[in-house]
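Hello,

Please open it first and then read on.

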Amino acid sequence: MASVELRNVWKIYKGDVEAVKNVSWKCEDREFFSILGPSGCGKSSSLRMIAGLEEITKGEIIFNDRVVNHLRPKERNVAMVFENWALYPNLSVYENIAFPLRARNMPKNIIDEKVKAAARFLDLEGILHKNAQRLSGGEMQRVSIGRAIVREPDVLIMDEPISHLDASLRARMREELKTQVSRLGVTTLYITHDQVESMAMADRIAVMNQGEIQQIGTPLEIYHHPYTEFVAGFIGEPPANFVDVEVFVEKEKHFIKCSAFSFELNKFWSKQFDSKRENRIRMGVRPEDIGISFEATENCCGLLVDFVEIQGDRTIITLKVGDQLFLSEVLGDIRPETGQTIYVKFNQDNIHFFSLEDGKNLFFDAEMKS
Ligand code: ADP
Ligand code: MG
């Protein structure tokens, strides 16, 4: 087993393509660590450098206390599962999974044990003798996972392993993967662009954008205390709402104001803004943190309903906020009419304020302490 650490790692491809920019993080031994970010943000480049498949432009990669920069892929004991792992088409499922073990000249009976154990967990027992050519997409993914874990690697790298499965299988595979990986106790680096996968499976997540790390934390830390506007917008579905606002003080009370609404801030936020000079900032709030009522209540904001999407268990309400739109997510039995004015209250425990200049959460430290 191994911890995996990146220290100031860069990947610059030909033509000055900066795919990974000064990235540092450490995945602890046996941790399930997810790298999450949109397509093209440098996830695969990072993992290829860890596996030894791509040269490191600058920086160090460390397994336990050992710098592995110069080690060949074989010497790193890293197994990889890719999005489209090409299986050996003429071999059976059994032989595909057994392949890396045979390559190591393991005794037959041990190979058999290991292959069958992998097949049991991956639900492949019924098709062990099926030819790889005749497998469905989901089966192929599972065989490639079986082939990776059967070797008992120190580090298991999965690059979008279930992104191409259909939704119901994906949900099941999330659970299965998570269960099995924790049972194996293997250090796992899991790449995905799907925040639902990271949130559901990972011990910790590193959120990347444009080659840079935006935030590293547990799923709940990242969800509740986004370090940047990008993280706030990327995590959560439907996505968070953002609007530029001003802070003003009147009779020692602090207020937030934009063209569409104003409301008084609670004690926590008033205290924060007492010591901040910026008064033009961006507010972020998640759909589930916009409560609505049909009558005006204290400190509420009246907003016009632009669209109502009924989903059964919940209703997604689109609200007009000046020339922008906000989404509010409420229980399914709340169903306003389009064109109606409703009254919203922001859950101030879960609003965030970002710098207009660099997108950073202005009060991240205070949020984490509260
Ligand atoms: P992700 O896995 O997050 O989608 P990648 O690491 O594959 O991102 O790619 C990051 C950036 O590097 C992208 O802009 C991509 O086009 C570029 N890139 C990836 N591989 C190469 C390569 N071999 N040569 C040049 N540019 C590359
Ligand atoms: Mg990729």
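This is a predicted model: local features need pLDDT of at least 70, side-chain atom pairs count only at pLDDT 80 or more; totals for chains, interfaces and linings use all residues.

The ligand

Which residues surround ligand 1? The shell consists of Y13, V17, A19, P38, S39, G40, C41, G42, K43, S44, S45 and R48. By type, these residues divide into five nonpolar, five polar and two charged.

Some polar contacts are worth a look on your screen. The backbone of G40 places a polar atom 2.6 Å from an oxygen atom of ligand 1. G42 also takes part through its backbone, where a polar atom is 3.1 Å from an oxygen atom of the ligand. With S45 the side chain is involved instead: one of its polar atoms lies 2.6 Å from an oxygen atom of ligand 1. On its own, ligand 1 has 560 Å² of accessible area, and the protein covers 60% of that. Two or more residues of the shell come from each of β2 (17-27) and α1 (43-51). Which element gives the most to this shell? That is α1, with four residues.

The helices

Next, have a look at α2, which spans residues 93-102. An angle under 35 degrees counts as roughly parallel, so α2 and α4 are roughly parallel to each other. Their crossing is right-handed.

Now turn to α3 (residues 108-121), whose axis is 10 Å from that of α2, with the two helices packing at an angle of about 130°. This angle makes α2 oblique to α3. The crossing of α2 and α3 is right-handed too.

The backbone

As background, most peptide bonds are trans, and most residues other than glycine have a negative phi.

Is the peptide bond from E237 to P238 cis or trans? It is cis, with omega near -5°. You will find P238 in the loop that runs between α8 (229-234) and β11 (241-250).

N77 is not a glycine, yet its phi is positive, at about 45°. This residue sits in the loop between β5 (66-67) and β6 (78-81). K251 is another non-glycine residue with a positive phi, in this case about 50°. Look for K251 in the loop between β11 and β12 (253-257).

Best wishes

Note on methods: Residues are numbered from 1 along each chain as its sequence is written. Chains are lettered from A and ligands numbered from 1 in the order in which they are written. Side-chain values use heavy atoms; hydrogens and water are left out. A residue is near a molecule or strand if one of its heavy atoms lies within 4 Å of it. A polar contact is a pair of N or O atoms within 3.5 Å; within protein, one must be able to donate a hydrogen and the other to accept it, and residues adjacent in sequence count only if both atoms are side-chain atoms. Accessible areas come from the Shrake-Rupley method with a 1.4 Å probe; for residues, only the protein chains shown count as cover. Ala, Val, Leu, Ile, Met, Phe, Trp, Tyr, Cys and Pro count as nonpolar, Asp, Glu, Lys and Arg as charged, and the others, Gly among them, as polar. Axes are lines fitted to C-alpha atoms, for helices over the stretch in contact, and angles run from 0 to 180 degrees between N-to-C directions. Angles under 35 degrees count as roughly parallel, over 145 as roughly antiparallel, 65 to 115 as roughly perpendicular and the rest as oblique. A crossing is left-handed if the near helix is turned anticlockwise from the far one by less than a right angle, and right-handed if clockwise.
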